[in-house]
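Trainee: I've got a structure open and I'd like to learn how to read it. Can we go through some features together?

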Amino acid sequence: MQPLGGGWDELLAPLFADEHYTKIRNFLKTEYATRTIYPDMYDLYNCFRLTPLKDIKCVILGQDPYHEPGQAHGLCFSVKPGVPLPPSLQNIYQEIHNDLGITEPNSGDLTKWAKRGVLLLNTTLTVRAHQANSHANCGWAWFTDHVIKLISDHTQHTVFLLWGGNARGKVPLIDASKHLILQCAHPSPLSVYRGFYGCKHFSQANAYLTQHGKTPIDWDLNH
């Protein structure tokens with residue numbers, strides 16, 4: 001595996017050396033060789049490559065990657081340039097518009113957020129084509145739970161945005177005395193009206209960062 005950079009290699013080395021990770025890796029070797037798996041294996045750890053540990057201001061937790069062709073590229077909720085916006089992402093953009101007045105962008109590529117300090121982490125990092133949650137039990141939860149705990153331990157005043165039951169289940173991994181945890185319903189069309197719309201998480205995140213001497217996140221993807 002290519003080095004991740006940004007302080008991640010040292011932090012994650014014990015996880016990559018663990019027998020639990022060896023089992024995940026062996027499982028993925030077979031899956032990538034025999035099935036269509038998303039994202040491409042070279043995009044698997046893009047969230048770490050694009051957001052150095054020391055630059056993290058906010059963590060957004062997704063569930064698992066999009067499972068249709070051309071969508072997933074290693075960042076939760078994000079799709080490659082030119083790909084139609086998934087419904088959940090449309091709803092995220094709508095809430096940002098309602099919260100901050102930002103014009104909704106045409107692209108679903110969230111790489112700019114990643115480079116501005118937003119770690120876009122799925123709790124399961126791979127998926128079979130057309131089969132949501134198909135890799136949910138292959139061991140990724142062990143890995144990403146440790147990642148969340150490590151971020152909590154090794155950063156200060158980070159905002160964690162936990163949307164939906166899967167993400168909200170990670171609250172015990174985060175030290176609430178040194179970070180801000182914001183929870184609400186998932187932005188999917190099934191639950192967006194149960195508390196995601198109107199959550200104002202984006203303005204709340206920036207208010208907290210400013211309060212603790214950090215530069216607020218530029219959520220505007222139009223520039």
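Predicted model: local features only at pLDDT ≥ 70, side-chain atom pairs only at ≥ 80, totals over all residues.

Trainee: Okay, so does Asn166 count as buried, exposed or partly exposed?

Mentor: Asn166 has 32% relative accessibility, so it counts as partly exposed. You'll find Asn166 in helix 7, residues 165-168.

Trainee: And which residues is Asn166 in contact with, if I skip its neighbours within four places in sequence?

Mentor: Those are Gly62, Gln63 and Thr123. Have a look at Leu61 too: Asn166 and Leu61 are 105 residues apart in sequence, yet their C-alpha atoms are 8.8 Å apart in space.

Trainee: Next up, backbone angles. What should I look out for?

Mentor: Most residues other than glycine have a negative phi, and most peptide bonds are trans. Here, Phe77 is not a glycine but has a positive phi of about 70°. Another case is His130, also not a glycine, with a positive phi of about 65°.

Trainee: Where do Phe77 and His130 sit?

Mentor: Phe77 is in the loop between strand 2 (58-62) and helix 4 (87-100). His130 is in the loop between strand 4 (127-128) and helix 6.

Trainee: Is Phe77 buried or exposed, and what about His130?

Mentor: Phe77 has 10% relative accessibility, so it counts as buried. His130 has 52%, so it counts as exposed.

Trainee: You mentioned peptide bonds. Which residues does a cis peptide bond join?

Mentor: Tyr38 and Pro39, with omega at about -10°. Pro39 belongs to the loop between strand 1 (37-38) and helix 3 (46-50).

Trainee: Now, how do I read two helices that pack together?

Mentor: Check the angle, the distance between the axes, and the residues that touch. Helix 2 (residues 19-34) and helix 6 (residues 140-154) pack at about 130°, with axes 9 Å apart. The crossing of helix 2 and helix 6 is left-handed.

Trainee: Which residues make the contact between helix 2 and helix 6?

Mentor: Helix 2 brings His20, Tyr21, Ile24 and Leu28, while helix 6 brings Trp140, Trp142 and Phe143. In this contact of helix 2 with helix 6, six residues are nonpolar, one is polar and none is charged.

Trainee: How does helix 1 pack with helix 6?

Mentor: Helix 1 (residues 8-16) and helix 6 pack at about 140°, with their axes 11 Å apart. Helix 1 and helix 6 are therefore oblique to each other. The crossing of helix 1 with helix 6 is right-handed. Trp8, Leu11, Leu12, Leu15 and Phe16 of helix 1 meet residues of helix 6 including Trp142, Phe143 and His146. The contact of helix 1 with helix 6 has ten nonpolar residues, two polar and no charged.

Trainee: One more helix, then. Which residues of helix 8 are buried?

Mentor: In helix 8 (residues 201-211), they are His201, Phe202, Ala205, Asn206, Tyr208 and Leu209. Looking down the axis of helix 8, its buried residues fall within an arc of 160°, so they line one face of the helix.

Trainee: What do the buried residues of helix 8 pack against?

Mentor: They pack against helix 4, strand 5 (159-163) and strand 6 (180-184). After helix 8 comes Gly213, with a positive phi near 80°.

Key. Residues numbered from 1 in each chain as written. Heavy atoms only, no water. Axes fitted to C-alpha atoms, helices over the stretch in contact; angles between N-to-C directions. Helix = DSSP H or I, 4+ residues; strand = E, 2+ residues; numbered from the N terminus. Left-handed = near helix turned anticlockwise from the far one by under 90°. Contact = heavy atoms within 4.5 Å. Nonpolar A, V, L, I, M, F, W, Y, C, P; charged D, E, K, R; others polar. Buried < 20%, exposed > 50% of the residue type's maximum accessible area, 1.4 Å probe, protein only. Arc of directions from axis to C-beta. Parallel < 35°, antiparallel > 145°, perpendicular 65-115°, else oblique.
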